[in-house]
Amino acid sequence: PKGTGRIVIDPFTNGLLTTLFGLEVVAVFAVLLALPGALPAGCPLTGPQAFAALAVTCLALFPLIGLVKLIAGHACALLSRTALAHLGDPVAKVKTRNKLRDQSWQLTIHSAMTALEAYILFVDGGGEHWLDDYRSLWTPHPHQQVNSKRSVHLLYLLQMAIWIVTCASHRFLEERHKDYVMMYVHHLVTIALFALSYGFNFVRIGTAVIFLHDSSDIVIDLLKMANYLKLEGRRGGFLVEGTFAATLGVWAYTRLYLYPVRIVWQGVWYGSREVVTAPGAYGMDGFTAAAGSPFTRGHSPGAKLGDGSFDLWANLRALPTHATLPGYWACGSLLTALLVMHVIWYMLLWRLLFRSVLGQTLHDGGADEYEGGSDDDHED
């Protein structure tokens, strides 16, 4: 209610999102048991083994989360009482300390996953070109790809477990923020994308997507933690201002340039169709025979993949859907939905900057725009 500072969530909306979350989790585990062929080629586990591995990983994450939050909570409380005492013991309030503990887990998991993703993209087997050459995402066709890197399958196992647990924690355990509903939707979209990309063997583009998100989340985790600790201005070493500027720059490059250009547009909406439906491509012989020519779906005679000559709109008219493009509309729509969320969050960052120019501190602006308050935000 207005004036109390409490975050109030519409019960119907919350119930609907929770129902969708439950259905997603049931569907993921049911597919692993009922459809063993749903696992992509190269997966070292059978369906039942993957079911067990995912269940065990989810269960193991809960005590790990508790341990990380416990250590972070005690460490930050000690830091707040001693080195940051001149700032008024910034995490003396229970609610603030709980938010800091929650964010410490996010920072831990984003850092660890970024390291694994960077290893896959730049080190393992000599690295990959999945971020800078969209043709490599779809060559050969995902139906023919055998992703033998165990690190890729480990990444998907860990990420699926992490997002299931994160979504459950967001709903039932963590302190609520003003963007509670949008974050809930974000988690549901992410789980759906992981399931679809793994089931369709779109793990190459999936790995690139995860890397851009996890790596860019590190700076905003640091920003939020610096904000909770009130490390702003000269007395706080300008850490809030520094991490805020870093977040603006990193997000602009990763989430508003690389993600929409290299992933959403080149990687999915445009590039997947150019490569997968090219003349002579896997599964296209029947359509070519029926059409009487391989050049009726947007490709030009003598053109090369990636030369910019591909006509997407002609392709869409000729092939709205096709067996060689499973999940095209679903995955493209979900990835675009994430992009919309990126834009909304980035506009929020600029709104905070505008408010700071008008004289409000970033800490107070963040509290008004994002955190919310609570009548029971007391010291212990």
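Guide: Helices here are DSSP runs of H or I with at least four residues, numbered from the N terminus. Please keep in mind that this is a predicted model.

Visitor: Where does that place leucine 20?

Guide: Leucine 20 is found in helix α1, which covers residues 11-34.

Visitor: Why is leucine 20 called partly exposed?

Guide: Buried means under 20% relative accessible area and exposed means over 50%, with partly exposed in between; leucine 20 has 39% relative accessibility, and therefore counts as partly exposed. Together with Phe12, Leu16 and Leu23, Leu20 forms a nonpolar patch on the surface, with about 430 Å² of accessible area together.

Visitor: Is cysteine 167 buried or exposed?

Guide: Cysteine 167 has a relative accessible area of 0%, and because buried means under 20%, the label is buried. Cysteine 43, with a relative accessible area of 18%, is buried by the same cut-off.

Visitor: What makes the pair of aspartate 102 and lysine 69 a salt bridge?

Guide: The closest N and O atoms of aspartate 102 and lysine 69 are 2.9 Å apart, and the limit is 4 Å, so the pair qualifies. This pair links distant parts of the chain, with aspartate 102 in helix α3 (residues 94-122) and lysine 69 in helix α2 (residues 47-81), 33 residues apart. Both aspartate 102 and lysine 69 are buried.

Visitor: Why can arginine 255 and aspartate 217 be said to tie together separate parts of the sequence?

Guide: Their side chains meet in a salt bridge at 2.8 Å, N to O. Arginine 255 lies in helix α8 (residues 239-276) and aspartate 217 in helix α7 (residues 203-228), so the bridge joins parts that are 38 residues apart in sequence. Arginine 255 has a relative accessible area of 2% and aspartate 217 has 14% relative accessibility; since the cut-off for buried is under 20%, both are buried.

Conventions
Residues numbered from 1 in each chain as written. Predicted model: local features only at pLDDT ≥ 70, side-chain atom pairs only at ≥ 80, totals over all residues. Heavy atoms only, no water. Buried < 20%, exposed > 50% of the residue type's maximum accessible area, 1.4 Å probe, protein only. Patch = residues over 30% accessible without salt bridge, like charges linked within 9 Å, V, L, I, M, F, W, Y side chains within 5 Å. Areas by Shrake-Rupley, 256 points an atom, 1.4 Å probe, with all protein chains shown as cover. Helix = DSSP H or I, 4+ residues; strand = E, 2+ residues; numbered from the N terminus.
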